[in-house]
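Look over the sequence and the structure first, then read on by topic.

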Amino acid sequence: MKNIYQEILNSKKRNQKLLAILLDPDKLTVDILIGLVTKINSSPATHVLVGGSSFDGNHLGQLLSLLKQKTSLPVLLFPGNPTQISGEADGVLFLQLLSGRNPDYLIEHQIDAVPLLEKTNLEILSTGYILIESGSETAVERVSQTKPLARNNSDYVAQTAKAGAFIGNQLIYLEAGSGAQNAVPLEMISTVAQRISIPLIVGGGIRSKNGIEEAFTAGADMVVIGTAFENDPNFFD
């Protein structure tokens, strides 16, 4: 697998927008995944993310191995905690929850993950993760025990994103949350995109192809679709 982050940077330079499909291993079996991979391969997706706020199963490696066999797209872990790390993927979004002040999600989980990551060949992509208020409590908010940032304060969110870039994050991820009532505001995407030079990922609450295009137009370099694809595998048909 080529350098995933460099390819993301190259796409940003070319203004080539990227689309990731997020798969929650808690909701997947091997049989379900086999059917989904065909849909993924025929979609405009450029990346596959695998992970969720929590995962109690022991079949993550099996799911990832199958994905790697069935698709040529880069497969990135999107872990809620270190138990969701597997060397079967191509890379990992190494998340730092910049919107919260729970030390477990700012640094403790990252420290705990180091011995696991050192045993793999995963490409590690440092990602500043910012949770945005979306109208209801999301799984990320509940599990991380942190509050999202207000959706009407784009300047503060942009300041937070810029701090993440200064710290050294390679990516910034604006997240409304899985199944969010409201997506990240377009004005906020635009404000953040103007303040940072690193790639911007946006996900949560986007339920239509038009919503994807609007996020791209506002300044997102990559859009993540999860629940909409889970609910309708024919979403891109």
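Strand 1 is largely enclosed by the rest of the structure, because six of its six residues are buried. Buried means under 20% relative accessible area, exposed means over 50%, and partly exposed lies in between (1.4 Å probe, protein chains only). Strands (E, at least two residues) and helices (H or I, at least four) are DSSP runs, numbered from the N terminus.

This is a predicted model: local features need pLDDT of at least 70, side-chain atom pairs count only at pLDDT 80 or more, and totals for chains, interfaces and linings use all residues. Residues are numbered from 1 along each chain as its sequence is written, and side-chain values use heavy atoms, with hydrogens and water left out.

**The barrel**

- Eight strands close into a barrel in the order 1-2-3-4-5-6-7-8, with parallel pairing.
- On average, neighbouring strands of this sheet are turned by 30 degrees against each other, direction ignored.
- Such angles run from 0 to 180 degrees between N-to-C directions; axes are lines fitted to C-alpha atoms, for helices over the stretch in contact.
- Two strands pair if DSSP finds at least two bridges between them.
- Strands of a sheet pair through backbone hydrogen bonds, either parallel or antiparallel.

**Strand 1 and its partners**

- Both faces of strand 1 are covered: Leu18, Ala20 and Leu22 are buried on one side, and Leu19, Ile21 and Leu23 are buried on the other.
- Strand 1 runs parallel to strand 8, joined by four bridges.
- Leu18 stands opposite Met222 in strand 8.
- Strand 1 also runs parallel to strand 2, again with four bridges.
- Ala20 has His47 of strand 2 as its bridge partner.

**Strands 7 and 8**

- Strand 7 (residues 200-203) pairs with strand 8 (residues 222-225) in the parallel sense, over three bridges.
- Val224 in strand 8 is the bridge partner of Gly203.

**Helices against the strands**

- Helix 1 (residues 4-13) lies across several strands, including strand 1 (18-23), strand 2 (47-50) and strand 5 (123-131).
- Helix 1 runs at about 60 degrees to strand 5.
- Helix 6 (residues 154-167) lies across strand 4, strand 5 and strand 6.
- Helix 6 runs at about 150 degrees to strand 6.

**Ser126 in strand 5**

- Ser126 lies in strand 5.
- Ser126 has a relative accessible area of 19%, so it is buried.
- Contact means heavy atoms within 4.5 Å.
- Leaving aside neighbours within four places in sequence, Ser126 is in contact with Phe94, Gly168, Asn169, Gln170 and Leu171.
- The side chains of Ser126 and Asn169 are joined by a polar contact of 2.9 Å.
- A polar contact is a pair of N or O atoms within 3.5 Å; within protein, one must be able to donate a hydrogen and the other to accept it, and residues adjacent in sequence count only if both atoms are side-chain atoms.

- An unreviewed UniProt entry places the feature "binding site" at Asp24 and Ser53.
- UniProt positions are given in the numbering used here, feature names are shortened, and annotations may be inferred rather than shown by experiment.
- Asp24 lies in the loop between strand 1 and helix 2 (30-41).
- Asp24 is buried, at 16% relative accessible area.
- A polar atom of the Asp24 side chain lies 3.0 Å from the backbone nitrogen of Asp26.
- Ser53 sits in the loop between strand 2 and helix 3 (60-70).
- Ser53 counts as buried, at 19% relative accessibility.
- A polar atom of the Ser53 side chain lies 3.4 Å from the backbone nitrogen of Val140.

- Gly179 is in the loop between strand 6 (171-175) and helix 7 (186-195).
- Gly179 is partly exposed, at 44% relative accessibility.
- Thr227 lies in helix 9 (residues 227-231).
- Thr227 is partly exposed, at 24% relative accessible area.
- Not counting residues up to four places away in sequence, Thr227 touches Ser178 and Gly179.
- The side chains of Thr227 and Ser178 make a polar contact (3.4 Å).
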